[in-house]
Amino acid sequence: MSRRPLRTGGYHLVAGGISILWLLPILLVIVTSLRSFDDVAANGVGGLPHSFTLGNFAQAWVDGGEFQAMVNSLIVTIPAVIITLALGAISAFALSRYDLPLRRTVLLVMLAGNLLPPQILLVPVSKMAEMLGIYDTLAALIGVQIGFGLGFYTFVLYGFMRAIPNEIQQAAVIDGASPTQIFWRIILPLTRPALASLAALAFTWVFNDLLWSITVIRTDSKMPITSALLGLQGQYVSQWNVIAAGSVIAAIPTVAVFLRFQRHFVAGLALGAVK
Amino acid sequence: MTVTLTAPAVAPPAAAGPRRRRRTLSPTLLAFVLVPLLVETFWVFWPAIQGVYLSFTSWDGVSPATVVGVGNYVELLGDPTFGRALLDTVLWLVLFGGLSALGGLGMALLLLKDRRGVGFYRAALFTPVVFSLVATALIWQAIYQPDGLVNTILGALGLDSWQHSWLADANTSLYAVIVPALWRQIGYIMVLYLAGLKGIDPTLYEAATVDGANKWQQFTRITLPQLSSVNSVVLSVIIIDSLRSFDVVWALTRGGPYHSSELLSTYMYSTAFQSLRLGYASALAVVIFVLAFGVILTYLVRAFRDADA
């Protein structure tokens, strides 16, 4: 009886300690983003703060070009997520709900494409974009993000749609509904939880991507936020206050999505694990 | 019982209608499959084939590519930087992969039971997952600075002699880069294990307790075997992620100093887009693909089995 509170206390000490250790870097970047350059220079990045300013955010946002970068990132991320999910949903629908020839093969070929290491695609994709005349444009980035993500979304949605009972669909078939109607009116609404999870995941993946953006984008003003953040690192060498503010700004959209869709997000990550 | 008996009797007539319908390939359904497949073929499969072809050429991206056969691969064998990158990639796989699996499983076991505060603890470990690896890298770059948090803490503990320029020293750079990667990956692996642990039937533990099994026996005889499918997912994720790892290294060290933190992926990128040796870089990419191939195949075989389950 007397050991219970002790064990509970021990648990919270261990779990709480680890949590604080985990959050410490995030706390540090927020504190640093609010310090003045003179303070950081005098007391070190690891020192206790002696100043408070919001100016670093303005500097990263305006002079550091993060405003433009954020716009670019959203221009890429939003259409890429919507189009990938739309394409993934229609292929998953056709493959999971109808006896199409070779359907499992097609599904696995699509998944295989997503499992490929992106490095093998970098050179050909950048050359293809040049030939198409879309090299160094956001369109190239949207295209490759759609193509590369598609297989995984199709696979996850396939699993989800496959689990929907057939009776629901049969009733609609008897009423003379076309595949498009069945997809739009019956299957898609039932797939909403999976779509929400995938949308939250896809948003963070595309938004946080670095490799594709530095492969197909050359001009600074067209860079999305992650590669712009690397630029900030070069532009404000050792001005940790500005770099920290830039990192905080870059993290806001994904953290917001995470907080808003937390349950969906975590469920999405776990989707592949339990099967 | 009646349900299982009557179901087959009723099913055939009901299924006959839709089945006949399904046999006729509706153009809509065909488009539903072919359009996404074509998009992926255009952006993924076709470039992948070209990538393999380019690995047998010498190409600067401007003048026409010349076929050199296996020349690039022969050169790889004698390239010390490739050796270093390969070794680092293996080290990365073992350290980053091993520690994130152990850490993730440990955290999942610690934070499995629903009790007060557990939501906060899980969220704390999970938060880094939503950050971009570049933002993560910049945070840690500040921490590793000569006047950063690590050295400040070492100084406060009186361990001044341990203070270090962590990222600039060829002896420590790789390990210094692994830490932020782990900081992010452990939360992700924890989520996978939490999902797996929650799927274990609690009556197994009850039966084991009745039989007098202690906690360790329960862990090795029930928990681990029950987690086998999650383990294989985690293993695939770890290997594929290790071979893809790029962002955090690129943002922190770009593979330096003196290639001491070079991974195959960073070496491939710099060879392609900084040295502009596109054929040689393609050969590096093919090596990465070959290393990933086994995992991809195992993953697909498993997916194939599960696809209709």
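Between chain B and chain A of this predicted model, the count of salt bridges is zero. Polar contacts, by contrast, do occur there: 13 residue pairs, both members at pLDDT 80 or more, are in polar contact across the two chains. On the side of chain B that touches chain A, helix α2 (residues 27–54) of chain B gives the most, with 20 residues. By class, that side of chain B has 74 nonpolar, 14 polar and twelve charged residues. In terms of contact, 100 residues of chain B meet 100 residues of chain A. The area buried between the two chains is about 9100 Å², and carbon and sulfur atoms give 75% of that area.

Although the count between chain B and chain A is zero, the count over all chains comes to seven salt bridges. One pair to locate in the structure is D136(A) with K222(A), whose closest N and O atoms are 3.9 Å apart.

The structure holds three cavities of 30 Å³ or more. The largest cavity contains about 70 Å³ of space, and its lining includes W240(A) and I243(A) from chain A as well as L138(B) and I139(B) from chain B. The elements that give two or more residues to this lining are α1 and α13 (240–260) of chain A together with α6 (133–144) of chain B. The largest share, four residues, comes from α13(A). The lining of the largest cavity has nine nonpolar, two polar and no charged residues.

The second largest cavity contains about 50 Å³ of space. Among the residues that line the second largest cavity are S73(A), Q145(A), F207(A) and D209(A). Here α4(A) provides the largest share, three residues. By class, this lining has five nonpolar, five polar and one charged residues.

Finally, the second largest pocket has a volume of about 930 Å³. Of the 21 residues that line this pocket, the closest to its centre are L109(B), L112(B), K113(B), R115(B) and K215(B). Helix α1 (3–33) of chain A is one of the elements that each supply at least two lining residues, while α10(B) gives the largest share, five residues. The lining of the second largest pocket divides into ten nonpolar, four polar and seven charged residues.

Note on methods:
Residues numbered from 1 in each chain as written. Chains lettered and ligands numbered in written order. Predicted model: local features only at pLDDT ≥ 70, side-chain atom pairs only at ≥ 80, totals over all residues. Heavy atoms only, no water. 1 Å grid on protein atoms, 1.4 Å probe; cavity = no way out; pocket = protein on both sides within 12 Å on 5 of 7 lines; lining within 4 Å. Points joined across faces, edges and corners; volume = space filled by probe spheres on them. Nonpolar A, V, L, I, M, F, W, Y, C, P; charged D, E, K, R; others polar. Contact = heavy atoms within 4.5 Å. Buried area = accessible area lost by both parts, 1.4 Å probe. Salt bridge = Lys/Arg side-chain N within 4 Å of Asp/Glu carboxyl O. Polar contact = N/O pair within 3.5 Å; in protein donor to acceptor, adjacent residues only side chain to side chain.
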